[in-house]
Amino acid sequence: MLKTRIEHAQSQVRRRRRRGLSRDWRKFGEKWRGSKAAALGANLVGAIGCILGNKHVMTHGARAPLFLTFMGYLLIVLYHQLQRTRNIGIAPVFDVEGAQLPPYRPPTKVVVALVLLTATAPSLANASLMFNSVGFTQLSKVLTTPSIAFIERARGHGHPLDAPRLLSMVFIHVGVYVASVADVTLNRTGCLVALANVCVTARYKTAWSSASRDAIARRRATRAAHEAAQTLALDERAAVRELVEHTLPWAAAALIPFIVFFEAAALRNMVATYDALAYARLFCIAVLGAWTSATGYMVIGRLSALTHQVLGQFKMACLLLGSYVVLGADLNRQQLGGASLTMASIVLYTRCTLAQRRRLEARRRGEGGRIVEQRAQRFARNVLVATPLRRVGGG
């Protein structure tokens with residue numbers, strides 16, 4: 001009898017431990033899925049899958065990247081509409097369950113600028129690929145990073161680049177140059193299109209970052225006014241998502257003229273030759289494109305445009321090294337060395353960024369502490385001056 005009671009008590013303890021462990025894992029999962037690291041990882045995986053899928057469908061006659069981008073935008077809009085009306089949530093990286101505040105409507109001029117840039121940037125990227133080789137297009141992206149850094153610094157956004165971050169960024173682009181220089185062909189029209197693509201892409205990413213930052217600030221102010229209890233991550237996701245909901249429908253409509261101009265012949269060929277399986281493959285690639293676009297907006301809005309650009313260089317290095325290790329691709333030592341240098345430099349850049357952020361936060365806390373101490377001393381002096389001294393004792 002005693003042995004049975006002991007075994008029952010032990011089973012109860014084990015059951016409580018399992019319940020507590022599952023609860024801890026559930027809390028960790030809820031915290032992780034809304035974190036910035038989850039957005040970075042989701043965008044990295046989705047972008048690599050999207051690039052491989054695009055390469056697959058383009059080798060089978062579907063040379064219509066703008067049409068795939070258009071389908072991705074439509075899928076994002078459809079998903080948001082279904083979640084709002086039917087409460088369907090299957091993508092926790094940008095879902096906003098529990099948002100308690102009234103919706104935010106961005107200014108009209110911000111929406112118009114974002115719509116034009118969101119439609120023009122992929123169109124110019126497609127035109128750059130049409131007039132240039134893949135290596136030159138990848139190499140031209142090296143100019144996008146300093147352009148983004150210059151625009152953000154000129155507008156007073158983001159942390160300034162200290163010497164370690166700047167040096168690691170130089171090494172990143174040296175690695176990209178070494179890996180891409182073997183496949184570079186130059187022509188005047190291609191150079192002009194690539195230059196326009198660099199300028200528009202830099203402005204496109206910084207505009208999204210600036211608009212997302214303003215939307216997040218407004219949402220925090222609204223939350224403070226309504227005294228609603230929400231986490232910072234939920235505020236950020238909700239603000240970026242509201243900006244996407246107001247922009248992407250019009251951006252998809254603005255893409256239609258570019259699709260007609262660039263890809264009308266390719267679309268006619270697809271309609272004439274594709275079967276049901278080919279359309280299914282095309283839909284899967286569009287889903288991957290929608291995932292990549294949505295998580296990319298989260299990365300730009302919650303982190304920065306510069307982080308998203310460096311993540312793009314990391315994707316390139318992952319693709320080169322992954323194709324060599326997993327698929328046995330025929331890469332020379334120069335390409336492998338450049339991809340390896342890019343990967344190592346990005347790791348170094350991440351460490352330098354985190355170290356700079358810790359230093360800035362420590363300095364901010366120190367300055368805050370000194371300000372509080374100075375205010376306390378000033379208050380004490382004012383009290384001593386305003387309060388007359390009392391005599392102790394008689395006379």
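Visitor: Is Tyr279 buried, partly exposed or exposed?

Guide: This is a predicted model, in which local features need pLDDT of at least 70 and side-chain atom pairs count only at pLDDT 80 or more. Residues are numbered from 1 along each chain, and side-chain values use heavy atoms. Buried means under 20% relative accessible area and exposed over 50%, with partly exposed in between (1.4 Å probe, protein chains only). Tyr279 has a relative accessible area of 38%, so Tyr279 is partly exposed.

Visitor: Which residues are exposed on the other side of helix α6?

Guide: Helices are DSSP runs (H or I, at least four residues) numbered from the N terminus. In α6, residues 144–154, the buried residues are Thr144, Thr145, Ile148, Ala149, Ile151 and Glu152. They lie on the same side of α6 because they cover an arc of only 165° around the axis, taken from the directions from the helix axis to the C-beta atoms. On the other side of α6, the exposed residues are Phe150, Arg153 and Ala154.

Visitor: Why is the pair of Trp208 and Tyr297 stacked?

Guide: Rings of Phe, Tyr and Trp (its six-membered ring) pair if their centres lie within 6.5 Å; planes under 30 degrees apart count as stacked, over 60 as edge-to-face and the rest as tilted. The count by this rule is four aromatic pairs. The pair of Trp208 and Tyr297 is stacked because the ring centres are 4.3 Å apart and the planes lie at 25°.

Visitor: How many residues apart are Trp208 and Tyr297?

Guide: Trp208 and Tyr297 are both buried. Trp208 belongs to helix α8 (residues 188–226) and Tyr297 to helix α10 (residues 276–302), so the pair links distant parts of the chain, 89 residues apart.

Methods: Helices (H or I, at least four residues) and strands (E, at least two) are DSSP runs, numbered from the N terminus.
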